[in-house]
Amino acid sequence: MPVFDFSAAPADENKTKSQCTYTTFRSNETKATPEKPVLILDNSKREWKHHSCGYFSNPAKQTAFEFKEEDGVFPADILKIDSRFTSLIKWLGENHINIRLSGQNTEEGYAVYKICEIAFGGGTKLSAEDGFLQFMIERLFASSAPAEVNEDDEEEEDGDDMKLTSIQSITDFMTCAGKTMPDNIRLWARRNLAVARSHEVSQEERRHAQRALSIMMNIQWKHNYFESIDPKEARRILDEELYGMERVKQRIIETIIQINRTHTLPAYGLLLVGPAGTGKSQIAYAVARILKMPWTTLDMSSINDPEQLTGSSRVYANAKPGIIMEAFSMAGESNLVFIINELDKAASGKGNGNPADVLLTLLDNLGFTDNYMECMVPTVGVYPIATANDKAQISAPLMSRFAVIDIPDYTPEEKKIIFSRFALPKVLKRMSLKPEECIVTDEALDAVIKKFEDTTGIRDLEQAAEHIAANALYQIEVDHVKAVTFTPEMVQELLD
């Protein structure tokens, strides 16, 4: 958004074209440094201090920053500016907000890499304590550079006060960083802002509109471009979290390679099907860790009404968003891993439909609409991972949205290794026991495995390790023995 200098315009302004005093540059840096600043100010006449106070002049008249020095006020033209920050600088200038710049004098000019608000002369536009300006700057750094700079300054919006819960702060956010939101959400926000300000609607409607705006504005709407992931690091994480399961790990690594080639999420999420206790949820958490995305869990066995997922209409006084929308809000961004546990145990509800069917729109990557928000939320950055014990209990339309991975139960040999190398050492470490203080012989280990040969998964083995370690700790502390060596007979007596 170029800003023009009219300060030297002649009387007949129609015959003279205005001149832009700075150029914009595109940047996708996530933080500023003296080498990669937010903006550059002219320092040809005077070098500026590392920390300098002042304010931006009204950009409609002069593209400059006015330094408040001990010997007076000195303007300096803006030479270059990151295109993401043009609206913010314009807003700071229009509202005459006193700020402090941190910068460094270079051959190109005074390179500004930090902007913060200060109380100057007792009056401020913002409260420095509420962190609104820093929140704005962090959000702009998290966004991508605009595809193109709009040279038409027709679409102005009023900015006023505070953070992202008040009407004024939401207005300011729309003004300074509205372009960081998808087009449909920006249009939705303007409409809801009009409702929240209106005195022609009920107080209840205004409250709901403001609450919906606050939820939506506090979500970082990211683009659907995903950086490459190191397959070796992904494999390391999988090996750290899971023993064996080579076919499962291979399938996950294949998904990572696909993301690296396309830089987008796969069209289908993962459905992990297997007996209880085989580590399905642990796999889901490992994938979220590999993708470096926030994650949220949804337990379908506890959902008995579709409205819990879709939210309730604003016509009700106690209306609220659904669990899915709240997940976006808690994650703080639109790109997240959605872990859906117990998909096969979704209740049919109380006559209001099947809650599991609500997930179809979430899984189609076409957008999800919450009844309370009344806006389609983009879901291209959502990666669903579901778990189930019996895929026969899942509807065909829902199954078709997933790439199914069958999780086999562990063999007796695998259970031995998991118990001796993972479960027992983890418990000993938690109880501050040394390995030589709690010894399980090979014969005792066979007795543990035989005890739970008819159970699936490894949860019973982990509980057995807990029981054995606790008994060893008891004998060491109470009976004052130095170490405990468990025999098959001791294990059988302890676990019966």
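A: Strand β12, residues 336–341, is mostly covered, with 6 of its 6 residues buried. Buried means under 20% relative accessible area, exposed means over 50%, and partly exposed lies in between (1.4 Å probe, protein chains only). Strands (E, at least two residues) and helices (H or I, at least four) are DSSP runs, numbered from the N terminus. The model is predicted: local features need pLDDT of at least 70 and side-chain atom pairs count only at pLDDT 80 or more, while totals for chains, interfaces and linings use all residues. Residues are numbered from 1 along each chain as its sequence is written, and side-chain values use heavy atoms, with hydrogens and water left out.

The side chains of β12 point two ways: Leu336, Phe338 and Ile340 to one side, Val337, Ile339 and Asn341 to the other, and all are buried.

β12 has a partner on each of two strands. Two strands pair if DSSP finds at least two bridges between them. Strand β11 (residues 295–299) runs parallel to β12 and is joined to it by 5 bridges; here aspartate 299 has asparagine 341 as its bridge partner. With strand β15 (residues 382–388), β12 also pairs in the parallel sense, over 5 bridges, and leucine 336 has valine 382 of β15 as its bridge partner.

These strands belong to an open sheet of 5 strands with parallel pairing, in the order β11-β12-β15-β10-β16. At the edges are β11 and β16 (402–406), each of which pairs on one side only. Neighbouring strands of the sheet are turned by 20° against each other on average, direction ignored. Such angles run from 0 to 180 degrees between N-to-C directions, and axes are lines fitted to C-alpha atoms, for helices over the stretch in contact.

Further along the sheet, strand β10 (residues 269–273) pairs with β16 in the parallel sense over 5 bridges, and valine 273 stands opposite aspartate 406 of β16. Helix α7 (residues 246–262) packs on the sheet and touches β10, β15 and β16. The direction of α7 makes about 155° with that of β16. Contact here means heavy atoms within 4.5 Å.

Glutamate 246 lies in α7 and arginine 235 in helix α6 (residues 231–241), 11 residues apart.
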